[in-house]
Amino acid sequence: MTRTKSLSRRADRVADRVHDEATEGGAVWRVSALKEVSYDVMVQPRLLDPANPALARAVTSGAAPVRRLIVIDATVASLYGERLTAYLTGHDVEFRLCVIDAHESVKVMATVFEVVDAMDAFGVPRRHAPVVAMGGGVLTDIVGLAASLYRRATPYIRIPTTLIGMIDAGIGSKTGVNFREHKNRLGAYHPSSLTLIDPGFLSTLDSRHLRNGLAEILKIALIKDAELFDLLATYGAGLVEQRMQPGEDAVGGAALTVLRRAVQGMLEELQPNLWEDHLQRLVDFGHSFSPTIEMTALPELLHGEAVCVDMALSSVLAHHRGLLTTAELDRVLDVMRVLHLPVLHPVCTPELLRGALADTVKHRDGRQHLPLPQGIGDAVFVDDVTQHEVEAALFALGERERAMRQPKVRGPVDMGV
């Protein structure tokens, strides 16, 4: 016999149901609950302009008096600390800065605890005073994990200041840090309540980190957006040179379009599967071999650079399977070179790639679920890639790279005699 009891809740909340099922010598209860999750991602140019109220509205909503902890990357603090201080002071926000020198080598639990210490010392309350995370993807990942742990879930706001943060790390639900040799092995699903994207921060970002972000944009382009790929092919070099800043020329006109299409494409893939209940994820393109490549090469490769090496290898795999034509593969690798992104690295040995794929299979619950491009702007999943295929793709990619580095032999010169 089964008895169902509904627990009363306020009208605006979903009623939970507790089932009490009598069993011989005992009882079994099953608790079912739903939690609605929503968050906003907003492009807000000139975010630190005192006349722009967006940041003030974000940090002043909730508890009063307004006290906020700002966790900020050390480089960002040196560039924008004075403007941030003037802005918050002008909007009557009491705040404290927690400055973190955030980079991949310190993306570990010790840094998470450093943020937790700052939260505890500041006295962050449980629900209505979101912590502000201002920096690149490493910084927002660290703060997000600290916020997920502190009082079992403290709200936070993300202000990504790198391109990879704006179109990838700063707009999803995942947080995480590295553990031993494993990339993002420790983490939680804890999206920020708001992400504020100001392309102006990219004006002070160095070229390498811009390219690092463009690698993740290229990922979106290859798996689902052929028009975005064309934009990168046409304007990629100019986007780096002009720091992705909007303007009246062709490159400036493309900058905001590229940013918006990348964010839109990423969110379209994330929203239906925010908690990764399904492990076939198109956005895992470039992330099958790259976690091991990145951690082995650290600190030589940035995240997007390792992803690009993975995408190059995966594209050759796709070509060998007839999913990409020779012309399409050439275009893919040409765009990577136009963006000055690596397509290969010395750590990429057959043994390392064997271990990388094996670790990915564990991460994907016993399946490869390997996304491969099918043409440019589409993709398929495969589950039967062999070590022989991986080694053949690695060899072919190496041969292409060696051919690219060979000096071109000039033909006879007509001297007019």
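These legends describe close-up views of a predicted model.

**View 1. The largest cavity and its lining.**
The count of cavities of 30 Å³ or more comes to one. The largest cavity holds about 40 Å³ of space. Its lining consists of Leu55, Val59, Ile70, Leu84, Leu88, Val132, Met134 and Ile159. Three elements, α1 (54-60), α2 (74-90) and β7 (131-135), each give at least two residues to the lining of the largest cavity. By class, the lining of the largest cavity has eight nonpolar residues, no polar ones and no charged ones.

**View 2. The second largest pocket.**
The second largest pocket contains about 560 Å³ of space. It is lined by 18 residues, and Lys35, Pro155, His190, Pro191 and Ser193 are the closest to its centre. The lining of the second largest pocket divides into eight nonpolar, six polar and four charged residues.

Helix α4 covers residues 137-149, which makes 13 residues. From its first C-alpha to its last, helix α4 reaches 18 Å, close to the 18 Å expected at 1.5 Å a residue. How many of the 13 residues of α4 are buried? The number is 12, and α4 is mostly covered. Among the buried residues of α4 are Gly137, Val138, Leu139, Thr140 and Asp141. Ile142, Val143, Gly144, Leu145, Ala146, Ala147 and Ser148 in α4 are buried too. Most residues other than glycine have a negative phi.

**View 3. The loop between α12 and β12.**
Two residues with a positive phi are shown here. Asp365 lies in the loop between α12 (350-363) and β12 (370-373). Its phi is near 65 degrees, a positive value in a residue other than glycine. His369 is also placed in the loop between α12 and β12. Although His369 is not a glycine, its phi is positive, at about 40 degrees. Is Asp365 buried or exposed? Asp365 has a relative accessible area of 65%, so it is exposed. His369 counts as buried because its relative accessibility is 9%, and the cut-off for buried is under 20%.

The peptide bond from Leu298 to Pro299 is cis. Its omega is near 5 degrees. Most peptide bonds are trans. Where does Pro299 lie? Pro299 is in the loop between α9 (290-297) and α10 (303-320).

**View 4. Thr360 in helix α12.**
Thr360 is part of helix α12. The relative accessibility of Thr360 is 7%, so this residue counts as buried. Which residues are in contact with Thr360, leaving aside its neighbours within four places in sequence? They are His287, Ser288, Arg367 and Gln368.

**View 5. Asp168 in helix α5.**
Helix α5 consists of residues 163-169, and Asp168 is found in it. Asp168 is buried because its relative accessible area is 18%, where buried means under 20%. Not counting residues up to four places away in sequence, Asp168 touches Glu216, Lys219 and Met266.

**View 6. Ala118 in helix α3.**
Ala118 is located in helix α3, which covers residues 109-122. With a relative accessibility of 17%, Ala118 counts as buried. Ala118 touches Leu69 and Cys98, not counting residues up to four places away in sequence. Between Ala118 and Val99 there are 9.9 Å in space, C-alpha to C-alpha. In sequence, Ala118 and Val99 are 19 residues apart.

**View 7. Two annotated spans of the chain.**
An unreviewed UniProt entry carries the annotation "domain: 3-dehydroquinate synthase N-terminal" for residues 98-211. The chain over residues 98-211 is 34% helix and 27% strand. The end C-alpha atoms of residues 98-211 are 28 Å apart. The UniProt annotation "domain: 3-dehydroquinate synthase C-terminal", from an unreviewed entry, covers residues 213-354. Residues 213-354 are 65% helix and 0% strand. The end C-alpha atoms of residues 213-354 lie 27 Å apart.

Definitions and conventions
Residues numbered from 1 in each chain as written. Predicted model: local features only at pLDDT ≥ 70, side-chain atom pairs only at ≥ 80, totals over all residues. Heavy atoms only, no water. 1 Å grid on protein atoms, 1.4 Å probe; cavity = no way out; pocket = protein on both sides within 12 Å on 5 of 7 lines; lining within 4 Å. Points joined across faces, edges and corners; volume = space filled by probe spheres on them. Helix = DSSP H or I, 4+ residues; strand = E, 2+ residues; numbered from the N terminus. Nonpolar A, V, L, I, M, F, W, Y, C, P; charged D, E, K, R; others polar. Buried < 20%, exposed > 50% of the residue type's maximum accessible area, 1.4 Å probe, protein only. Expected span 1.5 Å × (residues − 1). UniProt positions renumbered as here; feature names shortened; annotations may be inferred. Contact = heavy atoms within 4.5 Å.
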